[in-house]
Amino acid sequence: MALETSTTKSSPARKTAETPQPDAVVSFRHVAKSFGTKRVHSDITFDLRRGELLGLIGGSGAGKSVILRSLVGLEKPDHGEIFVGGQEISKLKELDLIEIRKQVAYVFQNGALFDSMSVFDNLAYALREHTTLDEEVIRGRVLGRLKDFGLAGNEGLFPANLSGGMQKRVGLARSIILQPSVVLYDEPTAGLDPYNTKRICDMMLKLKADGASAIFVTHDMPALFAVADRIAVLKNGRIHAIGTREEIEQQDPWVRRFIDGDEL
Ligand SMILES: Nc1ncnc2c1ncn2[C@@H]1O[C@H](COP(=O)(O)OP(=O)(O)O)[C@@H](O)[C@H]1O
Ligand SMILES: [Mg+2]
């Protein structure tokens, strides 16, 4: 949890939306991205505030996952800047990106567990690889996290023995075991039953209470409204609206129709 809040040397008078705001952990500034001739992002500008859980919605193919992938350096913007903890990351080399990825956890859509490892070893893996913690401490951390997330007692099981919902929850627990400052959730409740959806929402709220900031990409409107502090709406390659539910619905009546499923 060591990411510094971004600081700028500019005078307060010069602080505009162009420079990261002091309470921003992540800032996109005029980010553009195309794949071949297909333009996905035209001009993406927004901030993720420290400690906030920001929902990110938009039609399928709007470019939500590309925003998350850009944040961990898996996609490079064609134009614009991406700040993480005050550091501009879009031109970083692969080696420096490894440091960013310890701070920013990307929770993959399918959980991506190692099939040949127990639940315990899946969670312990990153701690063994990336820290010098001894095995006793690792054991405490892993069992503590499983307990926090209502997964106690499952440490000896293998992924094949878990239900799909349980796999997703273990996958989420594994992604955040290094205690990242920022968590990126890419449709974590997609295809889950109400029970597992609720458990995932509880996990997101627990991590937020622990101080993590997060972006939550979803089509699951009940889950979105249950956990998000603010919501950003991606449309036509831009952040079309951002704010609380009331604010974004006021900013454009189309947003309400999109949320209600009456328009794409
Ligand atoms: N690596 C890639 N190569 C080519 N096209 C891509 C790549 N990644 C994403 N796209 C395209 O960019 C658009 C946005 O993708 P994505 O961010 O995955 O959408 P979503 O909002 O559904 O998450 C889609 O049209 C997708 O086909
Ligand atoms: Mg996606």
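This is a predicted model: local features need pLDDT of at least 70, side-chain atom pairs count only at pLDDT 80 or more; totals for chains, interfaces and linings use all residues.

Student: Which strands do arginine 238 and aspartate 43 lie in?

Tutor: These two side chains meet in a salt bridge, at 3.8 Å from N to O. Arginine 238 belongs to strand β10 (residues 238–243) and aspartate 43 to strand β2, so the pair ties together parts that are 195 residues apart in sequence. Arginine 238 is partly exposed, with a relative accessible area of 43%, and aspartate 43 is partly exposed too, at 25%.

Student: Where do arginine 199 and aspartate 202 lie?

Tutor: Both are in helix α6, three residues apart, which is about one turn of the helix. Aspartate 202 is partly exposed, with a relative accessible area of 38%. Salt bridges can also share partners: Arg145, Asp148, Lys206 and Asp210 are joined into one network that way.

Student: Which side chains make polar contacts with aspartate 47?

Tutor: Among them are serine 27, at 2.8 Å, and arginine 29, at 2.9 Å. Aspartate 47 sits in strand β2 (residues 38–49) and is buried, with a relative accessible area of 13%. If you leave out residues up to four places away in sequence, aspartate 47 touches Gln21, Ala24, Val26, Ser27, Arg29, Glu52, Leu54 and Arg230. Look at Gln21 in that list: glutamine 21 and aspartate 47 are 26 residues apart in sequence and 7.7 Å apart in space, C-alpha to C-alpha.

Student: What does the side chain of asparagine 154 reach?

Tutor: It reaches the backbone oxygen of leucine 151, at 2.9 Å. Asparagine 154 is in the loop between α4 and α5, and its relative accessible area of 14% makes it buried. Beyond residues up to four places away in sequence, asparagine 154 touches Val119 and Met166.

Student: Now the inside. What is the general idea there?

Tutor: In soluble globular proteins, nonpolar side chains tend to be buried together. Here, the largest nonpolar core has 35 residues, and Leu123, Val142, Val170, Leu172, Tyr185 and Met204 touch the most other members. Elements that give two or more residues to this core include α3 (119–130), α4 (135–148), β7 (182–186) and α6 (194–209). The largest share, six residues, comes from α3.

Student: Which residues does valine 170 touch?

Tutor: Not counting residues up to four places away in sequence, they are Leu113, Val119, Leu123, Leu151 and Leu162. There is also a second, separate core of 29 residues, which includes Leu56, Tyr106, Ile215 and Val217.

Student: Which residues of α3 are buried?

Tutor: They are Val119, Phe120, Asn122, Leu123, Ala124, Ala126 and Leu127. What covers them includes α4 and α5.

Student: How many helices and strands does the protein chain have?

Tutor: Nine helices and ten strands. To judge the overall form, compare the radius of gyration with a rule: for 264 residues, a compact globule would have a value near 18 Å, and the protein chain has 19 Å, which agrees. Its C-alpha atoms fill a box of roughly 50 × 45 × 35 Å along the principal axes, and buried residues make up 49% of the 264 residues. Finally, take the contacts between residues at least 6 apart in sequence: 62% of them join residues at least 24 apart.

Notes
Residues are numbered from 1 along each chain as its sequence is written. Chains are lettered from A and ligands numbered from 1 in the order in which they are written. Side-chain values use heavy atoms; hydrogens and water are left out. A nonpolar core is a set of buried Ala, Val, Leu, Ile, Met, Phe, Trp, Tyr and Cys residues joined through side-chain atoms within 4.5 Å. Buried means under 20% relative accessible area, exposed over 50%, partly exposed in between (1.4 Å probe, protein chains only). Helices (H or I, at least four residues) and strands (E, at least two) are DSSP runs, numbered from the N terminus. Contact means heavy atoms within 4.5 Å. The radius of gyration is taken over C-alpha atoms; the globule rule is 2.2 Å times the number of residues to the power 0.38. A polar contact is a pair of N or O atoms within 3.5 Å; within protein, one must be able to donate a hydrogen and the other to accept it, and residues adjacent in sequence count only if both atoms are side-chain atoms. A salt bridge is a side-chain nitrogen of Lys or Arg within 4 Å of a carboxyl oxygen of Asp or Glu.
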